[in-house]
Amino acid sequence: MTRAATRTALRKAAILAALLAAWEAWTRLGEVSPLLFPPATTVLAAFGRSLANGEVPGYAAQSLQVLLTGMALGSALALVLTTLAVSTRLGAEFLETLTSMFNPLPAIALMPLSLLWFGLGVQSLIFVIVHSVLWPMSLNTYTGFVTVPPTLRRVGQNFGLSGWRLVLGILLPAAFPYILSGLKIGWAFAWRTIIAAEMVFGVAGSQGGLGWFIYQNRFEMNTDLVFAGLLTVILIGLLVENLIFRWIERRTVQRWGMSTGH
């Protein structure tokens, strides 16, 4: 880690510590019911207990397992649609029409239909996750494909590449910054969707996810555990964004000297 990155991390840690101190002081000194808004130390203690007994890791693992399945299916479908879109004019118009129709539609709005079609189970969760991932992934991937310089396309065509071979050999590497951006957006949408969906679907499969953990403890008035569940959601989001995606970006986009220009 460079000195600049270390200083940035220290400043962010100081900001977080100040926020926790303000939270603790407000709940301790103000007239705030701990049942409605527990102190930071109480929440952190509940979070620590949930980690130690394996409760939160088990719920988180269930959510992430379902989420990764939905993201994989959504990404694969996005690749198929964008390949068709760059191969034929009809495919491009088909993709533009679908994204115009479904991209503004929140995944949460599809939950009643998902329940009707698939029932209370993992399939219902995967369905809404695929919807939340598919359209931002398709839009970003297609944008990346159409911005690939014509020279690169002609090079691939001169080597006899077309269809899938052209996409895999030329378009995917050249459009990777846009694809990575689409993955980030898809992950954010999917993570929010899985937590909200689990609050509605409850337990799917052998164990409930983080959304069910939060909802169940809210119902039992365990507010400290509700906050602990929310803290887990935040921490996982930060870890994925700042460790996994940042690592991929350093190993690919930055190393290759590529940029989306925004």
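Start by selecting Met221, which counts as partly exposed because its relative accessibility is 46%; buried means under 20% relative accessible area, exposed over 50%, and partly exposed in between, with a 1.4 Å probe and protein chains only. Met221 sits in the loop between helix 10 (210-219) and helix 11 (223-256). Helices (H or I, at least four residues) and strands (E, at least two) are DSSP runs, numbered from the N terminus. The phi of Met221 is near 65°, a positive value in a residue other than glycine. Most residues other than glycine have a negative phi.

This is a predicted model, in which local features need pLDDT of at least 70 and side-chain atom pairs count only at pLDDT 80 or more, while totals for chains, interfaces and linings use all residues. Residues are numbered from 1 along each chain as its sequence is written, and side-chain values use heavy atoms, with hydrogens and water left out.

**The whole chain**

Now colour by secondary structure. The chain has 11 helices and 0 strands. Of its 262 residues, 40% are buried. Among contacts (heavy atoms within 4.5 Å) between residues at least 6 apart in sequence, 71% join residues at least 24 apart. The chain exposes about 14500 Å², and carbon and sulfur atoms supply 68% of that area; accessible areas come from the Shrake-Rupley method with a 1.4 Å probe, and for residues only the protein chains shown count as cover.

**The cores**

Select Trp187, Trp191, Ile194 and Leu210 next. Of the 42 residues in the largest nonpolar core, these four touch the most other members. A nonpolar core is a set of buried Ala, Val, Leu, Ile, Met, Phe, Trp, Tyr and Cys residues joined through side-chain atoms within 4.5 Å. Helix 3, helix 4 (89-102), helix 6 (122-146), helix 9 (176-201), helix 10 and helix 11 each supply at least two residues of this core. Helix 6 gives the most, with 10 residues.

Apart from this core lies another, of 8 residues, including Phe145, Val148, Val167 and Leu171. Back at Trp191, show its neighbours: leaving out residues up to four places away in sequence, Trp191 touches Ser63, Leu64, Leu67, Leu210, Val233, Ile236 and Gly237.

Move to Thr83 in helix 3. Thr83 counts as buried because its relative accessibility is 4%. Not counting residues up to four places away in sequence, Thr83 touches Trp164 and Val167.

Then show the surface of Val80, Leu84, Trp164 and Leu168, which make a nonpolar patch of about 380 Å². Patches are made of residues with over 30% relative accessible area and no salt bridge: like charges are joined within 9 Å, and nonpolar side chains (Val, Leu, Ile, Met, Phe, Trp, Tyr) within 5 Å. A salt bridge is a side-chain nitrogen of Lys or Arg within 4 Å of a carboxyl oxygen of Asp or Glu. Helix 3 (55-87) and helix 8 (164-174) each supply at least two residues of the patch. Leu168, in helix 8, is partly exposed, with a relative accessible area of 49%.

**Aromatic rings**

The last stop is the rings. The structure holds 10 aromatic pairs. Rings of Phe, Tyr and Trp (its six-membered ring) pair if their centres lie within 6.5 Å; planes under 30 degrees apart count as stacked, over 60 as edge-to-face and the rest as tilted. Trp26 and Phe37 form an edge-to-face pair, 5.1 Å centre to centre with 85° between the planes. Trp26 is partly exposed at 48% relative accessible area. Trp23, Trp26, Phe37 and Phe227 form one aromatic cluster.
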